[in-house]
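User: I have a model open and want to learn how to read it. Please take me through some features one by one.

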Amino acid sequence: MKDKIIFAGDSFTWGEGLELFIDSKKWINQRELHSEWPELELLQDEESVLFREKNRYPTLVADELNIKPIVYPDNGGDFSQHLKLIDCIEDTSDVKHIFVQLSQINRNFPHLTQDCRCTLCMNTGWKPLGQLIYAISENKITPEVKFIMEVFNCERIDHEFLGKFLQYSKWINRYVTELFIEKCKEWEDTIAPIHFIDSWSADDSNYWSTYPYISDRTIDLVRKDGTRTKKWRDFIKTFHHPYISDIYPNTVNGHPTPELHQYMAKSVILYLKENFGY
Ligand SMILES: [Zn+2]
């Protein structure tokens with residue numbers, strides 16, 4: 001049986017938008033249209049699924065190293081999805097590595113999963129902070145925002161509330177990150193070593209790097225000129241067209257091109273070869 005490598009990540013790992021590089025009439029036409037996931041989802045067919053899976057970096061790594069990649073079946077990517085992916089594997093004895101491609105902190109459930117039954121999670125409908133911030137920035141007092149305002153004795157969205165919400169966000173972010181790191185340590189003890197790939201979001205990249213557990217395990221990315229960096233923003237600088245929207249602007253799809261997937265694969269392969277003797 002082949003060794004397995006888990007690739008937990010978001011839409012960048014899943015390969016959103018790669019199907020736009022299929023040279024058939026359907027996809028050539030689509031390159032001129034708005035093509036984010038709500039539009040692309042409706043157009044999926046067997047060919048697009050196979051093309052995406054074949055060209056995303058987990059498969060490119062697998063082809064080169066003769067391993068089996070494990071990727072979450074749906075587009076998305078928050079910590080709870082990683083838990084669903086990894087905790088559902090019955091036999092982990094042939095899992096050799098776990099790669100976690102980091103995303104945005106504020107897309108996570110406040111207490112990591114929807115299984116939490118605390119008052120906060122129940123009253124905010126497990127809404128990730130990113131969704132609450134969106135409502136607050138539009139001055140909308142949704143039931144979830146109202147619950148948090150009541151916790152802080154605030155009656156309106158004003159400077160006082162925003163200050164308190166900012167502090168609250170920092171607590172939630174730390175809490176969910178620490179819960180996830182605890183989970184990673186458990187996986188390292190029971191399954192395989194964990195490695196991180198930096199987030200495409202510059203703010204989040206800075207956030208994640210404040211955790212030594214994460215920065216110590218973040219892999220080098222191989223730039224187009226052959227030099228290496230751990231920072232995603234320095235990695236993509238060396239590509240003329242790192243994202244789909246750089247080649248097909250009308251798509252507005254900010255996901256990696258096939259070329260960028262090839263370099264993500266190259267980075268993982270080199271890391272495994274140099275550190276684990278593949
Ligand atoms: Zn909770």
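**Reading the model**

Analyst: Arg217 sits in the loop between helix H12 (212-215) and strand E5 (221-222). Helices (H or I, at least four residues) and strands (E, at least two) are DSSP runs, numbered from the N terminus. This is a predicted model: local features need pLDDT of at least 70, side-chain atom pairs count only at pLDDT 80 or more, and totals for chains, interfaces and linings use all residues. Residues are numbered from 1 along each chain as its sequence is written.

User: Is Arg217 buried, exposed or partly exposed, and why?

Analyst: A residue is buried if 20 or more other C-beta atoms lie within 10 Å of its own, exposed if 12 or fewer, and partly exposed in between; C-beta atoms are placed from the backbone. Arg217 is partly exposed because it has 16 C-beta neighbours inside 10 Å.

User: Which residues does Arg217 contact, leaving aside its neighbours within four places in sequence?

Analyst: Contact means that two C-beta atoms, placed from the backbone, lie within 7 Å. On that basis, and with those neighbours left aside, Arg217 touches Ile194, His195 and Phe196.

User: How do H5 and H15 cross?

Analyst: Two packed helices are described by the angle between their axes and the distance between the axes. Axes are lines fitted to C-alpha atoms, for helices over the stretch in contact, and angles run from 0 to 180 degrees between N-to-C directions. The axes of H5 and helix H15 (residues 258-276) come within 8 Å and cross at roughly 45 degrees. Residues making the contact include Tyr57 and Leu60 of H5, and His261 and Met264 of H15.

User: What covers the buried residues of H6?

Analyst: In helix H6 (residues 79-87), the buried residues are Phe79, Ser80, Gln81, His82 and Ile86. Their cover includes strand E1 (4-8), strand E3 (95-101) and helix H10 (159-190).
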